[in-house]
There are 2 protein chains.
Amino acid sequence: MSRMMAEIQEQPEALRRTFERERAHAADFKKFAAARDFRLIVLVARGTSDNAALFGRYLLEIATGIPVSLCAPSVHTLYHARLDLRRALVIGISQSGAGTDINLVLKNARRQGAFTVAITNEAKSQMTRVADETFLVRAGRQRSVAATKTFTGQLMILYLMAFALGREIELKSVSEIPARVRETLKLAAEIRGMVQRYRYMRQCAVVARGLHYASAFELSLKLMETCYIVAERFSSADFLHGPIAMIERDFPVILFAPPGKTFAGQRQLIKRLAGLRAETIAITSADVRLPGITRTIRVAGKIPEIYSAIPYIVPGQLFAAQLAEVKGLDPDRPRSLQIVTQTL
Amino acid sequence: MSRMMAEIQEQPEALRRTFERERAHAADFKKFAAARDFRLIVLVARGTSDNAALFGRYLLEIATGIPVSLCAPSVHTLYHARLDLRRALVIGISQSGAGTDINLVLKNARRQGAFTVAITNEAKSQMTRVADETFLVRAGRQRSVAATKTFTGQLMILYLMAFALGREIELKSVSEIPARVRETLKLAAEIRGMVQRYRYMRQCAVVARGLHYASAFELSLKLMETCYIVAERFSSADFLHGPIAMIERDFPVILFAPPGKTFAGQRQLIKRLAGLRAETIAITSADVRLPGITRTIRVAGKIPEIYSAIPYIVPGQLFAAQLAEVKGLDPDRPRSLQIVTQTL
């Protein structure tokens, strides 16, 4: 078994551990945040962690009502802008905690008046020394280059942050996520059979919206890293503003279609894609037929949309890891990559 | 000549008109903004206009020091979040001014305490009635489905907004942009010859950073819409965090490489791509050799980086419009698209 597959399997335990060890911390932070009355949240990250940030961008605005900005690191590291960050909460997300640019942004943000939080897997990383406060992802050391358990661990911490900063998220529901992931992992065998069909897939698009927009980014990144597939990623709304023109007969489109606010739109899009004779693959827990769909990956259970991001990415991880093997590639050693990437 | 090519050629005049007719308005707005003391700017858009917003995201933070957030429309239209937008300036960008979701976000934002501005090409559109104030792009009616002159017109207004909200942007330098675009249009014949080489290109990546990150998005969108090329777009920094794994011998990568803060990084990336034997195409006004580059599109003149976004997208527009023709496609009638796309 590849390290990537092993780390995918470790997720229920890693998520449970992260939740249990950080929940009291989150409750403390809730009191602190109420006193500080933050008016802006800025999320800073790169790579897979930036996909976690993209999820946080939606979750935190929806669950807390505080506007969120995804930081453009170069504004700080290259253009040396001085931003007014009074009453801002700046959250850095990095698996290794060693990303030079992310740490530089956190340092600048503190100088510019922000309160800073680190979300990282490494307790002794530089990031934990730079930030005012650290929330630790307890995923255990990441050995695969393609991040999986650290990504879902970051999402888990973002749920705790949303709990701390607002009133929408309930800890009880968050505590149920690890069990849902365990359930979803049972799809591994079915997906292993399914990926044969995509042995020669060279390009595809991954499409989602809202709370799952980040899932599209994360699945497409995994497909690029481990399968060398040219995987586009789009919001379904933006997709209709141009990119749909490139879709032709047989073009594969993977769609996240959780029941909830985005479902009707995704369903309509699948119909339209069927009209173009595209190949469509839906990841969904909805208990209805999707007219025109080519393949369905059925996530078990009734999962409220707002808590679905973690269980839904798991079939995507299984798909990428197993497709890489079917393509004769080693998902643990993507060409041209290392675990820690330095940029400035 | 396609409508798209005709509209590309209209840009110097459209930009001059937009600048001349809105400059006094921008000066007035500068006084108003000083009194309001905005603490947050939110940009709301879709499609090509969203690429203009992405440029605004960098320009406005760099030139004004006010944090910027790119709005996720679904947070408002699907999830009905109530955001705290006191002291926020919310800027909607839409060619047609008819995008239902963008207008809905502007309405909500007003209710939540924001001051709202519309940037649109259509003086009588709904957007102008919804927003507190309108800055008009004077590009003339857009007839091509692929937006070009309205995109650069939106960028022109964003320069005026940056002037109004900060101290970095000088109107004199902005006034020189139309002449630079006229100069850049002379590249049309050279690019017409060059695109023959890409007759059978089916996929590519477009890579840029900082103030040109949005240029990568816009060029790749044009390639998707008019040439049906699967065109990925990346920040060069994020590119190294994963996607570079998919690059192999012959894979085409188009890079924006303006002299300035991002140049050293782009140059290094070109070298690395040459090592992977990828095909690289640079759009640059730098007067130095780029080791390992396959093709160079040379933008004339010494253009300060912060004023380079408009002239630099022009060769990209010429590339897409002429490649579409060489591929036997009609850039004015992309399959599956209309000028106005409605989403909610």
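Biologist: Why is A:Ala45 called buried?

Modeller: Buried means under 20% relative accessible area, with exposed being over 50% and partly exposed in between (1.4 Å probe, protein chains only); A:Ala45 has 2% relative accessibility, so A:Ala45 counts as buried. The model is predicted, so local features need pLDDT of at least 70 and side-chain atom pairs count only at pLDDT 80 or more, while totals for chains, interfaces and linings use all residues. Residues are numbered from 1 along each chain as its sequence is written, chains are lettered from A in the order in which they are written, and side-chain values use heavy atoms, with hydrogens and water left out.

Biologist: What does A:Ala45 touch, not counting residues up to four places away in sequence?

Modeller: With contact meaning heavy atoms within 4.5 Å, A:Ala45 touches A:Asp50, A:Ala53, A:Ile93 and A:Ile102.

Biologist: How much area do chain B and chain A bury between them?

Modeller: Buried area is the accessible area (1.4 Å probe) that two parts lose on being put together, summed over both; for chain B and chain A this comes to about 5900 Å², 53% of it on carbon and sulfur atoms. B:Tyr79, B:Arg209 and B:His241 supply 12% of the area that chain B buries against chain A, more than any other three residues.
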